[in-house]
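Open the model in your viewer and get ready to select residues. This short tour says what to pick next and what is there.

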Amino acid sequence: MRIAVDAMGGDYAPEAIVEGSLLAEPRSANQLVLVGHEQRIREILRQHDRGSAMEVVHAPEAVSMDEPGPTAIRRKRDSSVSTAVRFLAEDKVQAVVSAGNTSATVAAAKHYLGLIAGIRRPALAVHIPTPTGRVLLLDAGANSEANAIHLAHSAALAHAYLEVAQEIVKPRVGLLNIGQEPGKGKKQVQRAFALLSRSALNFIGNVEPQEFFRDRADAVVCDGFVGNVLLKMYEGLLENLPHFLGNQEADASGPLMHINHRIPSVYHYRSVGGAPLLGARKVVVIAHGRSEAGAVANAIHLAGRLFAANICGRIEQLLERDRLIADLKHHYTLLMVDQFRSRWGFPHRS
């Protein structure tokens, strides 16, 4: 198996990306392909002088963090992320890892790989630890806006991912909102509630943020803007947890110190590595923009595990077998017809 690594993506690229790839190489049976500015990459490899067998593919351009996502496919087709994803589309590699511009990676994946039949937008999936396990958050930042059908598709992807990757039968899927009542939240969230209520998914209704930690849901769905804000809030809490503990730091055996050491190892992006882009036809792992060598290495290992387990293919098969996307489309059409009838005073369907 070959994994393409976007060597120019991330706040600390290319140094941290190359170092992370070197760190991952001895513990991986996969062939790593570094994509980016060849001269700079080889200079870093020479500095470490490890006799690495990694392949280097020259990509003269890079998409910076402040550029719009479509740049990767419109103006910088020879960028590192575009080249890496194009290699994946051409079966020259079996997975891609990037810590670069998320919207550029998503745009390249949609353009070159395409999405699972019926899916309109992909979603980033991130696990958040809870006292009794963990909950899957979708979307953690792939798309900042989402309408009702996008949210419903994210729910279907969460359902499929948890069934095939974690063998959870009929996972509980909730919709992130400011209250449990169906009428709470923005219009698109209210419509998503109505749509998911009609679906075959094990939809448990709206989930408030504090309920993440109460074992109420296996997955929680929201748009990428809200999901990314929630995720970064969580990151900030973990990074500043020692300051909240105060004098507890002096007692290494104290219960709060146990939490302080355990939670970052379970969740922190350095340990987790990255998030799969669900809905894409092939394995794409998006790592945190601040990823250093350890996080990059873990993202590479995650990509290898996802491909080995054929996660993308199994998700597509499950969605097709259970007709989840087709049924959501049908219910969405009926929902829109009912709303049109109500708006214009026509009688509802019997």
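A residue counts as buried when its relative accessible area is under 20%. Keep that cut-off in mind; the model is a predicted one.

Start with glycine 205. Its relative accessible area is 7%, so glycine 205 is buried. Glycine 205 belongs to strand 9, which covers residues 203–207. Now show its contacts. Leaving out residues up to four places away in sequence, glycine 205 touches Val173, Gly174, Leu175 and Phe193.

Next, turn to the rings. How many aromatic pairs does the whole structure hold? A search finds three. Select phenylalanine 193 and phenylalanine 203: they pair edge-to-face, 5.3 Å centre to centre, with 75° between the planes. Phenylalanine 193 lies in helix 7 (residues 187–198) and phenylalanine 203 in strand 9, 10 residues apart. Phenylalanine 193 is buried at 15% relative accessibility. Phenylalanine 203 is buried too, at 16%.

Move on to phenylalanine 213 and tyrosine 234. This pair is stacked, with centres 6.1 Å apart and planes at 15°. Phenylalanine 213 sits in the loop between strand 9 and strand 10, while tyrosine 234 is in helix 8 (residues 224–239). Buried or partly exposed: which is phenylalanine 213? Phenylalanine 213 is partly exposed, at 36%. Tyrosine 234 is buried, at 11%.

Last stop: lysine 92. Its charged end sits over the ring of phenylalanine 87, 4.7 Å from the ring centre.

Definitions and conventions
Residues numbered from 1 in each chain as written. Predicted model: local features only at pLDDT ≥ 70, side-chain atom pairs only at ≥ 80, totals over all residues. Heavy atoms only, no water. Helix = DSSP H or I, 4+ residues; strand = E, 2+ residues; numbered from the N terminus. Buried < 20%, exposed > 50% of the residue type's maximum accessible area, 1.4 Å probe, protein only. Contact = heavy atoms within 4.5 Å. Phe/Tyr/Trp six-rings, centres within 6.5 Å; stacked < 30°, edge-to-face > 60°. Lys NZ or Arg CZ within 6 Å of the ring centre and 35° of its normal.
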